[in-house]
Amino acid sequence: MNLLTALLLLVLGFVLLIKGADFFVDGASSVAKKFRIPSIIIGFTIVAMGTSLPECAVSVTASLANNNALAISNVVGSNIFNLMVVCGASAIFAPLAIQKSTLLKEFPFSIFCALLLLVLGYTSFNLGRMEGIVLLVLFLVYLLWMIFSALKNRQEIDEDVNILPTWKCLLFIIGGAIAIKYGGDFVVDGASFIATKMGFSQNLIGLTIVALGTSLPELVTSIVAARKNEVDMALGNAIGSNIFNILLVLGVAGAISPVAFIMENVIDIILLTIMSSYVWILAWTKNHINKIEGISMIAIYVIYLIYICIR
């Protein structure tokens, strides 16, 4: 690969990410309206699962190769990014109105998942097969919970709303997910090559470009959803992805091959829990996150980024 190829990959990657997210959100939004399912539940499930594909693919591949030492760091780093940058950036484009049920159920559950990971890891500094199975069982419970919520909270269809045909919904969701996945890969590959050529260390590239790359699907999809006034879907995507990353991604990784914990992982999970509590409090006070609060969340992430680069 040369510099020109890397730049072309970077541009192509961003185009795929943006257009893929456009199609993905339109398809998911139509599915929500067609089946009278609240947008936030679609965000917690279909959208969250689709945008978690990069983390899942990386962790499963690494586990099969018995090389998953960075699995915890990848997931925790992505979760912090999803929470602080994805939600923060979405709030800058449109205030993130948060339903009371989300504040009482899904948001606390995402914090519980982080605390559970901390307990499982800290007790033995190892996420083994039994712990992985526990996470996967919880993931199945979570999915059943979301299905039950979808059936319980079905909405009336607005006759004036344009709903895509079923085949087009599936095409948009699957095609959008593929474009998002490969777009993220191209951005990471292109940016990593350029950063290496500029003399940046592999450690710094891993903590910044690769972490950003695996979370780009969540970021672009949530921003697109916010700009289309699908704010419920934007928030559901970020929180749902965090739950998926811990329960599904680490559950699969641990079940395939034990994952080692290091002290930095423990510190990062504690920071993730603190940041989650901060955002939860922001949302609880006014039932929404506004532009100023979104900026404060991004500022906190920048401070965290500086910390992990110098520690």
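**Helix packing and selected residues**

Tutor: This is a predicted model. In it, Ile72, Ser73, Val76, Asn79, Ile80, Leu83 and Met84 of helix α4 meet Asn265, Asp268, Ile269, Leu272, Met275, Ser276, Tyr278 and Val279 of helix α11.

Student: How do the residues of that contact divide into nonpolar, polar and charged?

Tutor: The contact of α4 with α11 comprises 10 nonpolar residues, four polar and one charged.

Student: And at what angle do α4 and α11 pack?

Tutor: The angle is about 20°, and the axes lie 10 Å apart. Helix α4 covers residues 71-93, and helix α11 covers residues 263-286.

Student: Are they then roughly parallel or roughly antiparallel?

Tutor: Angles under 35 degrees count as roughly parallel, and α4 and α11 are therefore roughly parallel to each other.

Student: Is the crossing left-handed or right-handed?

Tutor: The crossing in which α4 passes α11 is left-handed.

Student: Changing topic: how many disulfides are there?

Tutor: The count is zero disulfides. For the term itself, a disulfide is a covalent bond between the sulfur atoms of two cysteines.

Student: Is Cys87 buried or exposed? And what about Cys113?

Tutor: Cys87 has a relative accessible area of 2%, so it counts as buried. Cys113 has a value of 0% and is likewise buried.

Student: Which phi value does Phe125 have?

Tutor: Phi of Phe125 is near 50°, which is positive although the residue is not a glycine. As background, most residues other than glycine have a negative phi.

Student: Where is Phe125 found, and how accessible is it?

Tutor: Phe125 is in the loop between α6 (106-124) and β2 (126-127). Its relative accessibility is 31%, so Phe125 counts as partly exposed.

Student: Which residues are in contact with Phe193, leaving aside its neighbours within four places in sequence?

Tutor: They are Met1, Asn2, Leu3 and Ala6. Phe193 itself belongs to helix α8, residues 166-197. Between Phe193 and Asn2 there are 191 residues of sequence separation, yet their C-alpha atoms are 8.4 Å apart.

Student: Last one: where is Val220, and is it buried or exposed?

Tutor: Val220 is in helix α9, residues 202-227. Its relative accessibility is 13%; with under 20% counting as buried, Val220 is therefore buried.

Student: How far apart are the C-alpha atoms of Val220 and Ser90?

Tutor: They are separated by 9.2 Å, while Val220 and Ser90 are 130 residues apart along the chain.

How values were computed. Residues numbered from 1 in each chain as written. Predicted model: local features only at pLDDT ≥ 70, side-chain atom pairs only at ≥ 80, totals over all residues. Heavy atoms only, no water. Axes fitted to C-alpha atoms, helices over the stretch in contact; angles between N-to-C directions. Helix = DSSP H or I, 4+ residues; strand = E, 2+ residues; numbered from the N terminus. Parallel < 35°, antiparallel > 145°, perpendicular 65-115°, else oblique. Left-handed = near helix turned anticlockwise from the far one by under 90°. Contact = heavy atoms within 4.5 Å. Nonpolar A, V, L, I, M, F, W, Y, C, P; charged D, E, K, R; others polar. Disulfide = S-S within 2.5 Å. Buried < 20%, exposed > 50% of the residue type's maximum accessible area, 1.4 Å probe, protein only.
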